[in-house]
Amino acid sequence: MEIGNDFLQAAIEHSGKPLRTGGNTFYMRDGKLCIQASRRPASSGKNWVQTPARGRCNRHFAAMRAVATYLKGVYEGLPVWQLAKKRQGWRMTVENFLMRVMRPYFDERGEMVRCEGALMSVGDLVPPMGLAGEYAEGKLSLRWEAGEDAPGASRTDRLEVVYVRESRRGHVGRAQLEGAVRGDGEAAFALELAPGDRLHVFPFFAAADLSDFSRNGYLCVEGPAVP
């Protein structure tokens with residue numbers, strides 16, 4: 001006997017709990033009916049064995065939960081991941097979506113191990129083109145092609161920057177910028193970088209009304225020379 005989606009949704013909403021049937025688990029997420037395979041008896045309960053691979057997976061999962069919660073704070077006021085979730089991952093919470101996106105870039109200690117190519121912002125705006133920068137006297141200076149107003153690239157798009165120090169790969173910082181926009185073509189902000197350290201920088205643009213974002217660019221700059 002086939003059970004209809006309307007019946008399943010009504011049953012779940014009535015009980016407030018997931019419904020398991022036919023080897024699948026049905027549940028509600030953001031008002032939508034979702035489905036996933038139920039736990040397999042052969043590898044759950046008394047039959048479950050903690051292997052080294054499972055241990056690493058569990059540690060990585062726990063670390064990514066902490067990373068996702070932490071990153072929500074870093075991006076406070078910038079709905080980058082809320083918008084991305086609606087477009088690509090409606091079955092997930094924002095935290096789960098962040099875990100999925102960031103998993104390839106963080107290890108089981110919650111430290112960023114892949115910087116170049118990391119997705120620190122997503123969206124349909126044009127990303128920073130011709131990106132360049134340097135660090136000197138406690139200040140990071142950035143340059144990019146200002147261009148002209150075009151579809152997906154307004155000169156009023158706000159510049160946003162997140163960064164990771166090589167010496168502190170478990171910390172993601174966010175630059176305090178004074179109204180820098182795409183049309184400026186350049187921006188700078190103060191940041192302390194120890195001698196011999198490196199800074200991984202991820203600039204991206206936000207629409208003036210925060211309705212869209214660009215993918216981030218990437219560059220790496222060196223701190224002052226070791227005395």
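Leu-210 sits in the loop between strand 9 (198-206) and strand 10 (219-222), where strands are DSSP runs of E at least two residues long, numbered from the N terminus. Its phi is positive, about 60°, although Leu-210 is not a glycine. Most residues other than glycine have a negative phi. Keep in mind that this is a predicted model: local features need pLDDT of at least 70, side-chain atom pairs count only at pLDDT 80 or more, and totals for chains, interfaces and linings use all residues. Residues are numbered from 1 along each chain as its sequence is written, and side-chain values use heavy atoms, with hydrogens and water left out.

Glu-137 also has a positive phi, near 50°, in a residue other than glycine. You'll find Glu-137 in the loop between strand 4 (132-136) and strand 5 (139-143). Glu-137 counts as exposed because its relative accessibility is 85%; the cut-offs are under 20% relative accessible area for buried, over 50% for exposed and partly exposed in between, with a 1.4 Å probe and protein chains only.

Now for the aromatic rings. The structure holds seven aromatic pairs, meaning rings of Phe, Tyr and Trp (its six-membered ring) whose centres lie within 6.5 Å; planes under 30 degrees apart count as stacked, over 60 as edge-to-face and the rest as tilted. One of them joins Tyr-75 and Trp-81 edge-to-face, at 5.9 Å centre to centre with 80° between the planes. Both of these residues, Tyr-75 and Trp-81, are buried. Another edge-to-face pair is Trp-144 with Phe-205, 6.0 Å centre to centre and 70° between the planes. Trp-144 lies in the loop between strand 5 and strand 6 (158-165) and Phe-205 in strand 9, so this pair ties together parts that are 61 residues apart in sequence. Trp-144 is buried at 6% relative accessible area, and Phe-205 is buried at 0%. Ring pairs also link Tyr-75, Trp-81, Phe-97, Phe-204 and Phe-213 into a cluster.

Phe-213 turns up again in the lining of the largest cavity, along with Val-80, Leu-83, Ala-84, Arg-87, Val-122, Gly-123 and Asp-212. A cavity here is a set of points on a 1 Å grid over the protein atoms alone where a 1.4 Å probe fits but cannot get out, and lining residues have an atom within 4 Å of a point.

Terms used
Helices (H or I, at least four residues) and strands (E, at least two) are DSSP runs, numbered from the N terminus. On a 1 Å grid over the protein atoms alone, a cavity is a set of points where a 1.4 Å probe fits but cannot get out, and a pocket is an open set with protein on both sides within 12 Å along at least five of seven lines; lining residues have an atom within 4 Å of a point.
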